[in-house]
Amino acid sequence: MIEKAQTNENTLTHNKLMNKILSGGCHCGAIRYIVTGEAIDSDYCHCHDCQKSVGAVAVTWCDFKSENCQWLEGKVKEYQSSDNIFRGFCENCGTSLTYRHKDYPQFTTIASATLDDPNRVAPKYHIHTASQPDWLVIDDALDKYPHARS
Ligand SMILES: [Zn+2]
Ligand SMILES: [Zn+2]
């Protein structure tokens, strides 16, 4: 009986832990990561740098504490897209995975679409909407900022 009770407790702890772990990776599978803890923030970015570097009209990003991010397989190659910004991608398949500001190494921003289950982190607002193409119509209820948020 005691053994059984312990097993149930372990299963419960395990399930609680699993609920807080996010996993993801690039398209080819060479890069795999897990993230623990809650996303600090999440948004859609419509800026030209995101558009060009990712090859899409908008990118959804989620921010995590860098200490909570663990690279299980592979490593992103970084491209410096502006003075302060480094963007990480898979050297093999080209998937864009990360965004990093050189002055804030304590935060790692991950492209939500690389999560195994992007439903786990929903974006909260849009930034740089002034750069979105005219034909892109977004009628969700989220706040929209023409440029940066602050
Ligand atoms: Zn890859
Ligand atoms: Zn952007």
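Reader: How do you know that strand S6 and strand S7 pair, and in which sense?

Author: This is a predicted model. Pairing needs at least two bridges between two strands. Strand S6 (residues 77-80) and strand S7 (residues 85-89) have four bridges. So they count as paired. The sense is antiparallel. Tyr-79, for instance, has Arg-87 in S7 as its bridge partner.

Reader: How many residues lie between S6 and S7 in their hairpin?

Author: Four residues lie between S6 and S7.

Reader: What makes S7 and strand S8 a pair?

Author: Five bridges join S7 to strand S8 (residues 96-101). The cut-off is at least two, so the two strands pair. They run antiparallel. Arg-87 has Tyr-99 in S8 as its bridge partner. S7 and S8 also form a hairpin, with six residues between the strands. In that hairpin, Gly-94 takes a positive phi near 90°.

Reader: Which sheet holds these strands?

Author: An open sheet of eight strands, in the order S6-S7-S8-S9-S4-S3-S10-S11. Its pairing is mixed.

Reader: Why are S6 and strand S11 said to stand at the edges?

Author: Each has a single partner strand, so one side of each is left without a neighbour in the sheet. Strand S11 covers 143-144.

Reader: How do you know that strand S4 and strand S9 pair?

Author: Five bridges join strand S4 (residues 59-65) to strand S9 (residues 107-111). At least two are needed, so they pair. These strands run antiparallel. Asp-63 stands opposite Thr-109 in S9.

Reader: What is the order of the three-strand sheet?

Author: The order is S1-S2-S5, in an open sheet with antiparallel pairing. Strand S1 (21-25) and strand S5 (69-73) each have a single partner strand, so they stand at the edges. Neighbouring strands here are turned by 25° against each other on average, direction ignored.

Reader: What makes S1 and strand S2 partners?

Author: S1 and strand S2 (residues 32-36) pair over five bridges, in the antiparallel sense. Leu-22 has Val-35 in S2 as its bridge partner.

Reader: Why is His-128 called buried?

Author: A residue is buried if 20 or more other C-beta atoms lie within 10 Å of its own. His-128 has 22 C-beta neighbours inside 10 Å, so it counts as buried. The place of His-128 is in the loop between strand S10 (125-127) and S11.

Reader: What is the phi of His-128?

Author: His-128 has a positive phi of about 55°, although it is not a glycine. Most residues other than glycine have a negative phi.

How values were computed
Residues numbered from 1 in each chain as written. Chains lettered and ligands numbered in written order. Predicted model: local features only at pLDDT ≥ 70, side-chain atom pairs only at ≥ 80, totals over all residues. Axes fitted to C-alpha atoms, helices over the stretch in contact; angles between N-to-C directions. Buried ≥ 20, exposed ≤ 12 C-beta atoms within 10 Å, placed from the backbone.
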